[in-house]
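Open the model in your viewer and keep the sequence panel beside it. The tour moves from the whole chain to a few side chains.

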Amino acid sequence: MKKIAKLVLMLGFILSGAFCYASGVARTETKEEGAILIKQKAHHGGVDKSGSIAPSINGNVLTVVFTENLGQVSVEVSTTSGASVQYLSVLTPNGLQIYIPNAGNYIVTFTLSNGDVYAGEFTVTD
């Protein structure tokens with residue numbers, strides 16, 4: 001009888017741990033180093049495309065990968081105070097890299113041809 005009770009208790013502990021891990025309650029998931037979280041600023045209809053834009057920062061280089069064809073996308077990098085650092089337009093699904101010379105806090109804004117606007121904040125450290 002004691003062996004069955006121990007088995008049931010151990011199974012309960014293992015399953016509860018597995019469920020916590022699977023649902024994210026244990027907070028064991030990790031964010032990819034340098035990945036920038038994209039937030040939607042303006043949506044003019046259609047499907048949310050924030051998952052198709054994957055920016056990341058490594059040192060002073062901002063790298064953006066577009067995982068699907070979004071057409072012509074305007075990309076602006078500015079300081080958090082609003083001063084523009086870089087503004088360019090790119091045809092997707094091509095990616096891009098932007099060198100940011102100074103340390104500080106920045107915002108990258110993506111404007112799609114349909115008017116949808118997505119943005120993410122990041123920090124460049126020296």
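A residue is called buried if its relative accessible area is under 20%, exposed if over 50%, and partly exposed in between, using a 1.4 Å probe and protein chains only. Of the 126 residues in the protein chain, 28% count as buried. This is a predicted model, in which local features need pLDDT of at least 70, side-chain atom pairs count only at pLDDT 80 or more, and totals for chains, interfaces and linings use all residues. Residues are numbered from 1 along each chain as its sequence is written, and side-chain values use heavy atoms, leaving out hydrogens and water.

Colour by secondary structure. The protein chain has 1 helix and 8 strands, in the order α-β-β-β-β-β-β-β-β along the sequence. Helices (H or I, at least four residues) and strands (E, at least two) are DSSP runs, numbered from the N terminus.

Now look for aromatic pairs: rings of Phe, Tyr and Trp (its six-membered ring) with centres within 6.5 Å, called stacked if the planes are under 30 degrees apart, edge-to-face if over 60, and tilted for the rest. The count comes to 2.

Select F66 and F110. Their ring centres are 6.2 Å apart and their planes stand at 90°, so this pair is edge-to-face. F66 sits in strand β3 (residues 61-66) and F110 in strand β7 (residues 104-112), so the pair ties together parts 44 residues apart in sequence. Both F66 and F110 are buried.

Next select Y106 and F122. Here the ring centres are 5.7 Å apart with planes at 20°, so the pair is stacked. Y106 belongs to strand β7 and F122 to strand β8 (residues 117-124), 16 residues apart. Y106 and F122 are both buried.
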